[in-house]
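Please look through the structure shown here, and then read the report that follows, which moves from the parts of each chain to the places where those parts meet.

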Amino acid sequence: MASPSVLRTNSLGLQRFGLGFRLGQPPGARGEARELLLAEIERGTVAQPTNLPFAGSAEIGAALYAFEDQEKSEREARRVLAQNAAAPNASVPNAAGQGAQIATAPPGAQVGTAPPGAASSVQNQMPQPSKPPNEPALPYKTYRDEVLARVLLALEPDGGIGERLVQFWSNHFCIGATKSNMTRIMAGAYEREAIRPHVFGRFEDMLVAAESHPAMLDFLDNRLSIGPGSPAGKRRGRGLNENLAREILELHTLGVSGGYGQIDVTNLARIITGWTVVGREGGLGAPGSFAFNAGLHEPGEPPLLGKPYGQPGQEKGLAAFSDLARHPATADFVAIKLVRHFVADEPPPALARDLATVFRRTDGDLKAVSRALLESDVAWEAQPTKIRTPQEFLIAAYRALGRKPDSGQIIGPLGVMGQPFWQPSGPNGYPDTNDAWASAEGIKTRIDVAANWGRQAAGSVPDPRALAEDALGPQISAETRQAIARAESKSQALALLLMSPEFQRR
Amino acid sequence: MSDTDDDCERMTASRRAVLGAAGALFAWSFVPKFAYAAAGSRDPRFLLVVLRGALDGLSAVPPIGDPDYLGLREGIALAKDGPDAALPLDGFFYLHPAMPNLARLYASGQASIVHAAATGYRERSHFDGQDVLESGQGGPGRTESGWLNRLIASLPQGEAVSRHGVLGVGVVPPLVVRGQAPILGWAPPRMARAGPDLMQRLGDLYGERDPGLARALAQAIETEGIAQRRGMAGDTRGGGGPDSIEGMKRIAEGAAGLVGADDGPRIAALAFEGWDTHANEGGAKGRLAQLLGGLDGALATFEQGLKPVWKDTVVMVVTEFGRTAKVNGTVGTDHGTGTVAFLVGGAVKGGRMIADWPGLRPEQLYEKRDLKPTTDIRAVAKGVVSELFGLSGPVLAEKVFPGTGEIAPMQGIVG
């Protein structure tokens, strides 16, 4: 039997490295938390969500283009209708005015069944839903299904280090679902295809999978970038877009102080010209899938960090990614971010150094890096200062209450708490410090959400006091126990449990 | 500051005036020596709007009078006549046609525009650029506190400004308001509020167990109280985010409601997003035009919502850096350097372009690609807050914008 202090550490560890208490979890889970999480790492795979309408981005791409074509023809039909109505001798009064409005309505100005938080975004020019009128448009519907499947999957594991690492890497290599129809509809598939398979694999493989995914190529504009000296560049007079190249160096690999300059940004942009998304006509492959288009590729041997890359075609980018993945600055950058996420806003330097060393020694073996994190006593024994992110909070709450949300119950609260799936405000992803999440407005909003969840669960939880003992285990304080016992109602008691410092911090 | 009007008019805020070192040093001597020496009976309001993503200043305020402008901006250039013509400012600079409210405020002397401006940051990372803009530090990586928070902390305790703290709009408060001084938080409500009894019980629990959460909750309750007294509570409309026209309007309404309250914060910061126009930026119409329209609507909302205190208000609109002078390969612009800042409000000595124009020929550009910055945003910010709140030069140079003793507050911006 473990000592009380070991039990407290283990209980906290399930929150820090995993998804936290789950109603009905095996009685021994808390006592063997570290073994449980390490065994999950050794298994080396992360489960995939199920019950999705599309298997992957290839199917999604075809469906998206078909959807957009249909939208276009319906818009055209409406326009013709409006023109006819506006013609002289039309019998309907005011038809001319209405027709003009429809014909000139700017994109993004539609009203109706658009989803909350997405409708009037300038970047997110979500087309008006086609019939039936109350059914959301295909990109949003697909996003919604992917979000639900993703959260339901996270309700299952006893430990959950794999799911936590999916969240971490998905945010590291983030895309933004509000950029376009394509990023919206592919956001879930991106995580399934570029992130999940590599969480316990090699960093380089995840890097290549992320940068070559249609969602990323669309999000950071590389599908539009054209080598000025390429056949297409000479013919069309268009050129480079350095958006993706800059963020690869700054956010995905070396970090902003990793020792690169403007010339490296421009040259990496040259190196990855031609990494694009197949258009609807499907010349280079399945519509909507990744392709290397040699006709867009800038010829030459541009140097990156002083080393020239003269490989043919797509090999050039793969070679650059291979070197970036092995660069010492990448190891340092990733190690610090991991420790900041799991352990403390101010990462203990020795721990970050150790992880960076493992990263370098193993050429970015993420299984070895994750194992080193979980084997560190420093990582286990640090005080629980970090507040759970809204996504962690939502998943932890549903696990503790033993309930299953529908998609609206996920998307609504995550929107108000400021962390909807796959839509950070920029390519640097969601913030990862208490400054951001433990703010005045952030805490107030969490309380509103927790009050809501307490009301929803009040009928299904027999005794909130017993649940608090189960959920918080050896971490529960006398004050929290008393506050829950004295609550005016079951729903208030549950809200107090969910908002208690022991539940919020990890 | 009326005794310095003539000098300032001539030296620092005249049309495309040259801000020479001598002029700046001369202006320095007019800064009040004591905090609050100049504030007098004014009860000022200051709102800082951060445009995240790097606003293209050459599209927002196009220098159509510059012979090199048109050639750099193929596909997105604005014209001074014809349909969708840019709005005239001074015959050299024009305003994007999506901003009629700003044009009106400028014409009536309630707005000035700073051009070819930047912070001291010369790299091109959004996130470092925003950190520098908001932390007020000389470089990135020092993000413990923001300059508006240190501004409040530098004011005498008990004054209305410091007593009411700084408002950070958004679920995640912007860095510029973070720090030791009290922060109030507010975001457009989108969900039914929890009852006061639950808030009270959690306040008690946090008081016993978690000082950090206790402080955050106390500040949230305070702001909620102001919002209720202003009739803003219970409004749970949906609506877009801070990169949408509707979202910008709602954020502006809320900020104006709180800052306009007698017992509300005097200083606020908010952020609008989506300005990173790498591709298909658009000209008179299109993506950037929609965003600028949203900003323009927000400015009109401020004017309306702050009507009783508008004469004492300055709204300052800034962004982390500008964008490339030349359009890129995808009819957009990549990360650049110099850009614009807007100063709007009844307290602004308006109707003026403040710019030492560097020109747009290749050798006049910064690193042959970006509009060269000739005015330091920090000089503008220091000028505004020194005149608005009566802060002395040394306090500004040591506490608010550390290490900026060489950068004199620009004079004569606030009337």
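Two residues are said to be in contact if their C-beta atoms, placed from the backbone, lie within 7 Å. The model is a predicted one, and the contacts described below should be read with that in mind.

**Domains of chain B**

The domain assignment of chain B gives domain 1, which is made of residues 2–188 together with 237–400, and domain 2, which covers residues 191–236. Where these two parts of chain B meet, twelve residues of domain 1 are in contact with eleven residues of domain 2. On the domain 1 side of chain B, the elements that give two or more residues are β6 (183–186) and α11 (245–259) of chain B, and the largest share, four residues, comes from β6(B). Sorted by class, this side of domain 1 of chain B that touches domain 2 has six nonpolar, four polar and two charged residues.

**Domains and overall make-up of chain A**

Chain A contains 25 helices and four strands. Of the 506 residues in chain A, 55% are buried. Among the contacts in chain A between residues at least 6 apart in sequence, 69% join residues at least 24 apart. The domain assignment of chain A gives domain 1 (220–326), domain 2 (328–381) and domain 3 (390–504). The C-alpha centres of domain 1 and domain 2 of chain A lie 30 Å apart, and eight residues of domain 1 of chain A are in contact with five residues of domain 2 of chain A. The side of domain 1 of chain A that touches domain 2 of chain A divides into three nonpolar, four polar and one charged residues.

**An enclosed helix**

Which residues of helix α24(A) are buried? They are A:Lys490, A:Ser491, A:Gln492, A:Ala493, A:Leu494, A:Ala495, A:Leu496, A:Leu497, A:Leu498 and A:Met499. Because ten of the ten residues of α24 (residues 490–499) of chain A are buried, this helix is largely enclosed by the rest of the structure. What covers the buried residues of α24(A) includes α18 (390–401), α21 (440–457), α22 (464–472), α23 (478–485) and α25 (501–504) of chain A, together with α9 (196–209) of chain B.

**Where the two chains meet**

The contact between the chains takes 60 residues from chain B and 56 residues from chain A. On the side of chain B that touches chain A, at least two residues each are supplied by α6 (126–135), β6, α9, α10 (211–229), α11 and α12 (287–305) of chain B. The largest share of that side of chain B, nine residues, comes from α9(B). By class, the side of chain B that touches chain A divides into 23 nonpolar, 20 polar and 17 charged residues.

**Two pairs of packed helices**

Two packed helices are described by the angle between their axes and the distance between the axes. The table sets out these values for one pair in each chain.

| Helix pair | Angle between axes | Distance between axes |
|---|---|---|
| α5 (100–107) of chain B and α12(B) | about 50° | 7 Å |
| α2 (33–43) of chain A and α16 (366–375) of chain A | about 175° | 10 Å |

By class, the contact of α2(A) with α16(A) has four nonpolar, one polar and three charged residues.

**Two residues with positive phi**

B:Ala54 is found in the loop between β1 (45–52) and α3 (57–60) of chain B, and its phi is near 80°, a positive value in a residue other than glycine. Is B:Ala54 buried or exposed? B:Ala54 counts as buried, because it has 25 C-beta neighbours inside 10 Å, where 20 or more are needed.

B:Lys368 lies in the loop between β10 (352–354) and β11 (375–376) of chain B, and B:Lys368 has a positive phi of about 55° although it is not a glycine. With 11 other C-beta atoms within 10 Å, B:Lys368 is exposed, the limit for that class being 12 or fewer.

Methods: Residues numbered from 1 in each chain as written. Chains lettered and ligands numbered in written order. Predicted model: local features only at pLDDT ≥ 70, side-chain atom pairs only at ≥ 80, totals over all residues. Domains from an automatic or database assignment. Nonpolar A, V, L, I, M, F, W, Y, C, P; charged D, E, K, R; others polar. Axes fitted to C-alpha atoms, helices over the stretch in contact; angles between N-to-C directions.
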